[in-house]
Every structure is written in C-alpha cells, then in structure tokens.
Amino acid sequence: MQAGAYFVTICTQERACLFGVTADGEMQWNDAGRMIEQWWFELNRKFLMVETDEFVIMPNHFHGIVVITDVPVGADLRVGPVPEGARSIHQGAHAGAPLQTVIQWFKTMTTNEYIHGVKTASWPSFNGRLWQRNYYEHIIRNDESLNRIRQYILDNPSRWAFDRENPAATTPESEEAWLA
C-alpha cells in the first residue's frame, strides 16, 4: 500500500440501521454511532502512519478518508528487540500498516464494543456480523478529487433518502459519479 489518501466505505451486514437516524438532513448518532466515531479517531493513535480526514457515520454505513502518510520499508517496530526492562514507545502500534490492516482493526474493535453494548446497554443485536466482510476503497489521486469526496461525505446525511445504502430509498443514487 502506497502513501496517499483513500476513500473508504464500510457497510453493516444486511444494511442493518444500527448507528442512528437522519432527521432534517442531519445525522443523529445513537450511542453506537458515537462509539464508531471514537474508534475512528483511535486510528490516529494506533497506526503511526495514518491520519484520519473527513468522515460520516450513517445509519448503516461509514464513509471516511484515510491518509497514509509514509510507509516505512522494513520490520514493524513491534517486533524489534527491546532491551531488558525497557518498554518500546511503539509497543502495540502497527507502523506502516497497509489499509487492509487498518480497516480490519477498525472493524474488529467496533464489533467488539458493539457486542458489549448489546450485552450491557440493550443496543439492537445484529445477525452474524456487524460489518460486511469486505469494504470499498477508492484511491484519491488529486486535490480536486479529495475536495469532491469531502463534499460527498459532508452531504451524505442530506442525501439519505436517495442513498443506495438506504433500505427505504425510492430512487437510489450511485456514488461513482462523485468519484469520477
């Protein structure tokens, strides 16, 4: 995975609406939606070469821009020797992790916390998995594309009635036109 910006979309299994509702063109997160936000920002601390950019949590999917700032060549810092009695400042961090690893970690952490919310806070349960197995990624090649995708993310709640991820959409629109 090269350094650069990536537009990522992750959908819940069976398009289950679990993270809140849209009202008057705005997304209103429930506790699960707020939990997703917390783990999104945690990516910046967990992965040394990752910066998060614009994002939106929708009722049943997530859009975000992940910027990989630098991918070092060589071993992950976690596996290097640490002198006896010393702790590595990078212990537990994934240096230069590829996008797939970043997204898998995000999905794992949010799933684990969502399961905890089902058990302890009566969050709605889900069937099988919280997230669909795969995710969508798009390489952002220039500033014009970056700005168009940022606007798409910001506008997503106001376009929910037409979103192809919305199970109640009457005339779903495709996001491909925004990415061209």
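Trp 40 is buried, at a relative accessible area of 1%; buried means under 20%, with a 1.4 Å probe and protein chains only. This is a predicted model, where local features need pLDDT of at least 70, side-chain atom pairs count only at pLDDT 80 or more, and totals for chains, interfaces and linings use all residues. Residues are numbered from 1 along each chain as its sequence is written, and side-chain values use heavy atoms, leaving out hydrogens and water.

Phe 106 is also buried, at 1% relative accessibility. Phe 106 and Trp 131 make a tilted aromatic pair, with 6.4 Å between centres and 35 degrees between planes. Rings of Phe, Tyr and Trp (its six-membered ring) pair if their centres lie within 6.5 Å; planes under 30 degrees apart are stacked, over 60 edge-to-face, the rest tilted. Phe 106 sits in helix H2 and Trp 131 in the loop between H2 and E6, 25 residues apart. Helices (H or I, at least four residues) and strands (E, at least two) are DSSP runs, numbered from the N terminus.

The whole structure has 15 aromatic pairs. In one of them, Trp 40 and Phe 106 have ring centres 6.2 Å apart and planes at 80 degrees, so this pair is edge-to-face.

Now the sheet. Four strands form an open sheet in the order E4-E5-E1-E6, paired antiparallel; pairing takes at least two DSSP bridges between two strands. E4 (50–57) and E6 (136–140) are the edges, each with a single partner, so one side of each has no neighbour in the sheet.

Conventions:
Buried < 20%, exposed > 50% of the residue type's maximum accessible area, 1.4 Å probe, protein only.
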